[in-house]
Each structure stands twice: as structure tokens, then as C-alpha cells.
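Dear colleague,

I am passing on a structure for you to look at, and my notes on what was found in it follow below.

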Amino acid sequence: MIYTVTFNPSLDYIVTVPHFTCGMVNRTSEEKIFPGGKGINVSMVLKNLGFENQALGFTAGFTGEVLKSMLK
């Protein structure tokens, strides 16, 4: 069993802007949210490679609840 620790987990937002124009108001067309942080990223790669692992870290509030639900 491999354990990873993320001391500062995060939610990574990726947005799509179809036609970005500098100096203008730009509207997003799509938003994706992923769990992030070094230990979490390593745990996801390990799982994809078939290694049994457990991600550990600190969570609180809205971000913590979303992270826990996304990582199940």
C-alpha cells in the first residue's frame, strides 16, 4: 500500500474561452473542476497504473466536501 499526503489540496478549474480577445470581456463556454494538489495527483496516477494507494490530507468547508466526493 502506498500513502500520499497533500497538505494543501485544491480544486483546479479549467475554463474554455472560444475566442479570447485581449482588453475585452471574454465569456467562458465550459468549466471543468478537478481535485488537485501534489499528493492527490500522484494518487490518481498510481491508481491509473494499477497500484493500490490511499490519499491523505486535510479538508474543510465546501472545498473539502467536494474533494472528498470527487476522490471516492
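**The largest pocket and its surroundings**

Strand S4 supplies the largest share of the lining of the largest pocket, namely five residues. Please keep in mind that this is a predicted model. The largest pocket holds about 460 Å³ of space, and of the 18 residues that line it, Gln-54, Ala-55, Leu-56, Leu-71 and Lys-72 are the closest to its centre. Helix H1 (38-48), strand S4 (53-57) and helix H2 (61-71) are the elements that each give two or more residues to this lining, whose residues divide into nine nonpolar, six polar and three charged.

Turning to H1, its buried residues are Gly-39, Ile-40, Ser-43 and Leu-46; they lie on the same side of the helix, because they cover an arc of only 125° around the axis. These buried residues pack against S1, strand S3 (30-36), S4 and H2, whereas Lys-38 and Asn-48 are exposed on the other side of H1. Just after H1, Gly-50 takes a positive phi of about 90°.

Thr-6, which is found in strand S1 (residues 2-6), is buried, with a relative accessible area of 3%. A polar atom of the Thr-6 side chain lies 3.2 Å from the backbone nitrogen of Gly-39, one of the buried residues of H1. Leaving aside residues up to four places away in sequence, Thr-6 touches Gly-36, Gly-37, Lys-38, Gly-39, Ile-40, Leu-56, Gly-57 and Phe-58.

With best wishes

Conventions. Residues are numbered from 1 along each chain as its sequence is written. This is a predicted model: local features need pLDDT of at least 70, side-chain atom pairs count only at pLDDT 80 or more; totals for chains, interfaces and linings use all residues. Side-chain values use heavy atoms; hydrogens and water are left out. Helices (H or I, at least four residues) and strands (E, at least two) are DSSP runs, numbered from the N terminus. Buried means under 20% relative accessible area, exposed over 50%, partly exposed in between (1.4 Å probe, protein chains only). A polar contact is a pair of N or O atoms within 3.5 Å; within protein, one must be able to donate a hydrogen and the other to accept it, and residues adjacent in sequence count only if both atoms are side-chain atoms. Contact means heavy atoms within 4.5 Å. On a 1 Å grid over the protein atoms alone, a cavity is a set of points where a 1.4 Å probe fits but cannot get out, and a pocket is an open set with protein on both sides within 12 Å along at least five of seven lines; lining residues have an atom within 4 Å of a point. Grid points are joined across faces, edges and corners, and a volume is the space filled by probe spheres set on the points. Ala, Val, Leu, Ile, Met, Phe, Trp, Tyr, Cys and Pro count as nonpolar, Asp, Glu, Lys and Arg as charged, and the others, Gly among them, as polar. The arc is that of the directions from the helix axis to the C-beta atoms.
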